[in-house]
Amino acid sequence: MTALQCKVSVTVRELNQLVAKGSAVELLDVRTPGEYNALHVPGAKLVPLDELDVVAFLKQREAGDKPIYVLCQSGGRARKAIEKFARAGFDGCVLVEGGTQAWIEAGLPVSRGRAKVISLERQVRIAAGLLVLAGVVFGWFTHPGFFGLAAFVGAGLVFAGVTDFCGMGLLLAKMPWNQRANGTTASDCDAKR
């Protein structure tokens with residue numbers, strides 16, 4: 001444990017109040033580059049969860065005595081990032097409750113990019129639904145063995161729900177449409193609501 005002790009979580013409104021008061025807030029967004037480029041909380045630094053090297057991140061920090069506020073789309077990936085920090089012995093992370101989605105729902109300002117991207121959670125639901133539908137349709141019209149595809153996807157969804165590990169989400173995060181487009185940077189985003 002480090003000497004830094006802080007609150008475990010914060011609401012988006014509490015975080016916004018900290019920023020409005022002029023407090024120096026280090027905000028870490030662990031979503032995919034595509035999600036971040038489409039829309040993000042102003043001032044958030046992007047480090048995708050699958051690329052997060054906690055030791056390297058902590059070494060390059062300027063404000064080592066301040067907490068790191070971590071967010072993703074809705075909270076799941078942020079929790080995993082905080083677990084990574086905890087395993088490295090750093091307990092100064094604060095979960096932003098509800099993530100970017102809660103920030104949007106609260107009507108707080110966001111930075112929007114030029115491209116629209118479907119969130120990773122929605123991509124997983126779409127892909128799983130299509131695979132189940134394909135398994136049922138092909139099982140009905142071609143060969144009953146295809147019903148196994150629907151069963152396999154259903155079992156995968158149950159596994160993801162129980163363990164909070166989603167292999168399909170990890171795979172989709174690596175897809176080209178979820179990566180930073182050539183030449184696109186966070187500075188290409190316009191501050192809008």
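1. Arg-31 and Asp-29 form a salt bridge whose closest N and O atoms are 2.9 Å apart; the term denotes a side-chain nitrogen of Lys or Arg within 4 Å of a carboxyl oxygen of Asp or Glu. Arg-31 is buried at a relative accessible area of 2%, and Asp-29 is buried at 0%. Here buried means under 20% relative accessible area, exposed over 50%, and partly exposed in between (1.4 Å probe, protein chains only). The count of salt bridges comes to five.

2. The model is predicted: local features need pLDDT of at least 70, side-chain atom pairs count only at pLDDT 80 or more, and totals for chains, interfaces and linings use all residues. Residues are numbered from 1 along each chain as its sequence is written, and side-chain values use heavy atoms, with hydrogens and water left out.

3. Glu-35 forms a salt bridge with Arg-77, with closest N and O atoms 2.8 Å apart. This pair links distant parts of the chain, Glu-35 lying in helix α2 (residues 33–38) and Arg-77 in helix α4 (residues 76–87), 42 residues apart. Helices (H or I, at least four residues) and strands (E, at least two) are DSSP runs numbered from the N terminus. Glu-35 is buried at 3% relative accessibility, and Arg-77 is buried at 12%.

4. Arg-77 also meets Glu-121 in a salt bridge (3.5 Å, N to O). Glu-121 belongs to helix α6 and is 44 residues from Arg-77; Glu-121 is partly exposed, at 26%. Through shared partners, salt bridges join Glu-35, Arg-77 and Glu-121 into one network.

5. Helix α7 (residues 147–163) has 17 residues and reaches 24 Å from first to last C-alpha, close to the expected 24 Å, the expected span being 1.5 Å times one less than the number of residues. Ala-150, Val-153 and Ala-160 of α7 are buried. They lie on the same side of α7 because they cover an arc of only 85 degrees around the axis, taken from the directions from the helix axis to the C-beta atoms. On the other side, Ala-151, Phe-152, Val-158 and Val-162 are exposed. Just after α7, Asp-164 takes a positive phi of about 65 degrees.

6. A nonpolar surface patch of about 910 Å² includes Ile-118, Leu-130, Trp-140 and Phe-147. Patches comprise residues with over 30% relative accessible area and no salt bridge, like charges being joined within 9 Å and nonpolar side chains (Val, Leu, Ile, Met, Phe, Trp, Tyr) within 5 Å; accessible areas come from the Shrake-Rupley method with a 1.4 Å probe. Helix α6 gives the most to this patch, with seven residues.
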